[in-house]
Amino acid sequence: MAAAISALNAKIRSQPVLNYVFSTHFWGPVSNFGIPIAAVMDTKKDPDIISGKMTAALTLYSGTFMRYSMAVTPKNYLLFACHFVNFGAQVTQGYRYIQYWHYGGKEAKAQGILNSTKKEAVDLAADGKEMLSSAKDKVTK
C-alpha cells in the first residue's frame with residue numbers, strides 16, 4: 001500500500017501542473033481568496049458597518065503578504081493576486097469609511113432619507129386631497 005501511494009506521489013510530482021495544483025503554493029492562496037471575495041462583496045453594503053480598525057489591519061496584512069509572495073522562491077503569483085485584490089478592496093473600504101464618518105457622508109445619507117420622506121409625505125397628502133375631493137363629488141351627486 002505504501003509503495004502504491006509513493007508511486008502515485010512520484011507520478012503527480014513528475015508533472016509540473018499537477019505538482020503545482022497539489023502544493024501549498026496553490027491551495028494556500030485559493031483558500032485565502034475568501035477574504036478578498038468577501039471584501040469586494042462588502043463594497044456594496046452600507047458604509048456605517050465598516051470597521052476602520054479591521055480595514056486598516058487587513059490593508060497592512062495584504063500589503064505585507066503581497067511583498068512576501070514575491071520574496072519566496074518560487075514567486076507565488078497566485079498569492080500576490082489574492083492579496084492585490086484584497087488590498088484594493090480594503091483601500092476602497094477605507095475610503096468609504098473615511099468619507100462616511102469624517103467627511104459628511106453620514107449627514108448626506110440622513111439628509112437624503114429626510115428628503116425622500118418629505119417627498120413621500122407630500123405625495124401622500126396630495127393623494128389624500130384627491131380622494132377627499134372625489135368622495136365629496138360622489139356625495140354631492
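**Packing of helices α5 and α6**

The crossing of α5 and α6 is left-handed, a term used if the near helix is turned anticlockwise from the far one by less than a right angle, with right-handed used if clockwise. The structure is a predicted model, in which local features need pLDDT of at least 70 and side-chain atom pairs count only at pLDDT 80 or more, whereas totals for chains, interfaces and linings use all residues. Residues are numbered from 1 along each chain as its sequence is written, and side-chain values use heavy atoms, with hydrogens and water left out.

Two packed helices are described by the angle between their axes and the distance between the axes. Helix α5 covers residues 52-71 and helix α6 covers residues 77-102; they pack at an angle of about 155 degrees, with their axes 8 Å apart. That angle makes α5 roughly antiparallel to α6, the term for angles over 145 degrees, while those under 35 count as roughly parallel, 65 to 115 as roughly perpendicular and the rest as oblique. The axes are lines fitted to C-alpha atoms, for helices over the stretch in contact, and the angles run from 0 to 180 degrees between N-to-C directions. Helices are DSSP runs (H or I, at least four residues), numbered from the N terminus.

Contact (heavy atoms within 4.5 Å) between the two helices involves, among others, G52, T55, L58 and T59 in α5 and F87, Q90, V91 and Y97 in α6. The residues of this contact divide into 13 nonpolar, 11 polar and no charged. In this division, Ala, Val, Leu, Ile, Met, Phe, Trp, Tyr, Cys and Pro count as nonpolar, Asp, Glu, Lys and Arg as charged, and the others, Gly among them, as polar. T59 lies in helix α5 and touches F87, Q90 and V91, not counting residues up to four places away in sequence. At 16% relative accessibility, T59 counts as buried (under 20% relative accessible area, with exposed over 50% and partly exposed in between, for a 1.4 Å probe and protein chains only).

N32 lies in helix α3 (residues 24-32) and is buried, at 13% relative accessibility. With residues up to four places away in sequence left out, N32 touches Y61, L79, C82 and H83.

Aromatic rings were examined next. Rings of Phe, Tyr and Trp (its six-membered ring) pair if their centres lie within 6.5 Å; planes under 30 degrees apart count as stacked, over 60 as edge-to-face and the rest as tilted. The count comes to 4 aromatic pairs. Y61 and F65 form a tilted pair, 5.2 Å centre to centre and with 55 degrees between the planes. Both residues lie in helix α5, 4 residues apart, about one turn of the helix. Y61 is partly exposed at 27%, and F65 is partly exposed at 31%. The pair of F80 and F84 is stacked, with 6.1 Å centre to centre and 20 degrees between the planes. F80 and F84 both lie in helix α6, 4 residues apart; F80 is partly exposed at 29%, whereas F84 is exposed at 52%. Y61, F65 and Y68 form one aromatic cluster.

In the loop between α5 and α6 lies P74, and the peptide bond from T73 to P74 is cis, with omega near -5 degrees.
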